[in-house]
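Please look at the sequence and the structure below before reading on.

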Amino acid sequence: MNGKLYIFGIGGTGSRVIKSLVMLASSGVNIDADAIVPIIVDPDFANADVTRTIEQIKTYAAIREKLAFNDASQNKFYSIDIKNITNDYRLTLKDTKNKKFREFIEYSTLSKENQALASILFSETNLESDMEVGFKGNPNIGSVVLNQFTDSQDFIDFAASFKSGDRIFIISSIFGGTGASGFPLLLKNLRGLNPTMPNSDAIRHAPIGAITVLPYFAVKPNDESAINSSTFIGKTKAALQYYEKNVNGEKSSINTLYYIGDERTKQYENEEGGTEQRNNAHIVELAAAMSIIDFVSIQNDDPSLTCEEDSNDKIYAPNPEFKEFGIEDDVQEVLFSNLTQESRNSLCGPMTQFVLFSKYMTEHLQGTSSQPWRKDDKFDDAFLKSSFVNNLKKHIKAYIEWLSEMADNDRAFKPYKLMVSGADLYSIVDGVKPGSIKALWAFNKSGYDLFDSALNEERTSLAKNLTLEQKFIELFYIVTVSYTHLRAHETK
């Protein structure tokens with residue numbers, strides 16, 4: 001597509017999916033857009049899942065700022081631009097800090113009749129809920145609080161930056177409070193945007209995709225917590241019935257809607273929000289990020305992206321598409337070979353390149369000062385202490401943690417043997433033959449010695465006018481792509 005993709009990540013699941021997308025982007029997985037623009041919607045400012053995602057976006061942006069992408073560059077690491085048009089990649093919700101829901105609806109100022117109605121609609125626990133830690137699985141609260149999307153200055157800034165040809169994507173879960181209520185409300189506001197808002201017509205008619213994440217984890221029982229996994233399925237069924245009538249019904253307001261979930265549900269600690277809400281990365285979030293990649297790959301002239309206006313000025317998609325994600329085999333530990341061919345083609349090569357790069361950076365780089373590629377290209381100790389390399393190391397550490405968390409989850413995504421090193425380095429992809437790459441690089445070498453030989457050989461092919469940062473990334477990209485092109489898609 002030509003244009004930007006605005007991604008609204010609603011709630012904790014929204015943030016975690018955006019994080020997975022950032023990890024895929026860093027490894028060079030193709031995302032066919034001019035730029036992506038993350039906008040996180042979550043009243044829980046201290047949520048660790050949110051803060052971790054924002055930290056990774058900032059690190060990614062700092063690395064990419066030092067790189068250039070043009071016809072002379074082969075490098076695809078960090079190639080997609082990630083723009084920030086709001087305050088720290090977030091959409092700020094008014095009047096949610098240091099307030100209970102009772103105060104938010106100004107319960108004490110209501111008439112007796114309206115107080116009685118509010119007490120029917122909301123339990124005493126609901127009324128006493130702290131708005132600062134989200135909606136604790138209560139979409140009835142979220143639907144009230146989130147109905148102020150367009151009042152935010154951040155939303156106005158989004159509208160002002162939007163151009164014809166841009167697209168919108170919405171990430172939400174369906175079994176909680178923030179996502180289940182936020183998705184239909186945001187969609188309604190986008191399709192019915194006030195004409196006084198900047199670029200309102202372009203936004204109302206824009207192609208909009210979304211992924212609805214069904215239950216894929218559980219939380220441990222806790223009588224003191226408002227969150228109860230036993231209600232997830234019931235809430236999901238109720239929300240799906242609502243979506244069928246109000247989102248993807250006869251006149252669907254969504255162009256492409258993706259669904260994903262998993263019956264395997266590992267139990268997490270029951271944390272209602274704040275710094276303790278930190279879920280391990282999950283293959284469902286990775287697959288959800290792939291739905292975003294699929295959405296931007298849809299050609300601009302595809303009928304599914306068409307929007308029309310009825311006699312009541314309602315914008316709808318006459319040819320909506322609905323998609324699900326699946327794997328080839330129902331296994332507990334998913335390898336690349338268990339994915340569909342399309343998914344393997346998208347992920348295996350770029351991710352494997354970045355894993356090899358990450359292993360070299362963390363396990364071997366420090367001891368390479370005598371290597372010709374280091375000395376001749378002026379990658380001295382000062383360069384290795386630069387903010388650029390420090391940011392690379394920081395992001396690489398988070399990338400390996402992300403893979404490790406998915407490998408330790410249930411269902412596990414475990415395509416790499418992350419602990420291998422030395423002579424076994426090139427057998428790192430589980431289920432893939434390491435093959436012989438000595439003919440390509442050097443004889444009688446293995447592991448990091450072979451890696452160094454390749455770096456030394458390829459350094460002479462680089463353009464002379466590259467910055468040190470550009471040359472560093474370019475060199476590792478070229479060397480790692482040699483391995484992945486040779487063996488990444490050969491399975492046992």
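In what follows, Ala, Val, Leu, Ile, Met, Phe, Trp, Tyr, Cys and Pro count as nonpolar, Asp, Glu, Lys and Arg as charged, and the others, Gly among them, as polar. The model is a predicted one, and a search of the whole structure finds two cavities of 30 Å³ or more.

**The largest cavity**

- The volume of the largest cavity is about 50 Å³, and its lining is made up of R16, K19, S20, D49, R52, N279, N280, A281, E285, W402 and E405.
- At least two lining residues come from each of helix 1 (11-26), helix 2 (48-64) and helix 15 (387-407), with helix 1 giving the most, namely three residues.
- Sorted by class, the residues lining the largest cavity comprise six charged, three polar and two nonpolar ones.

**The second largest cavity**

- The second largest cavity holds about 30 Å³ of space, and the residues that line it are I7, I18, L21, V22, I36 and P38.
- Two or more of these lining residues are given by helix 1 and by strand 2 (35-41), and the largest share, three residues, comes from helix 1.
- Sorted by class, the lining of the second largest cavity has six nonpolar residues, with no polar and no charged residues.

**The two linings side by side**

- Helix 1 gives three residues to the lining of the largest cavity and likewise three residues to that of the second largest cavity.
- Whereas six charged residues belong to the lining of the largest cavity, the lining of the second largest cavity has no charged residues.

Key
Residues are numbered from 1 along each chain as its sequence is written. This is a predicted model: local features need pLDDT of at least 70, side-chain atom pairs count only at pLDDT 80 or more; totals for chains, interfaces and linings use all residues. Side-chain values use heavy atoms; hydrogens and water are left out. On a 1 Å grid over the protein atoms alone, a cavity is a set of points where a 1.4 Å probe fits but cannot get out, and a pocket is an open set with protein on both sides within 12 Å along at least five of seven lines; lining residues have an atom within 4 Å of a point. Grid points are joined across faces, edges and corners, and a volume is the space filled by probe spheres set on the points. Helices (H or I, at least four residues) and strands (E, at least two) are DSSP runs, numbered from the N terminus.
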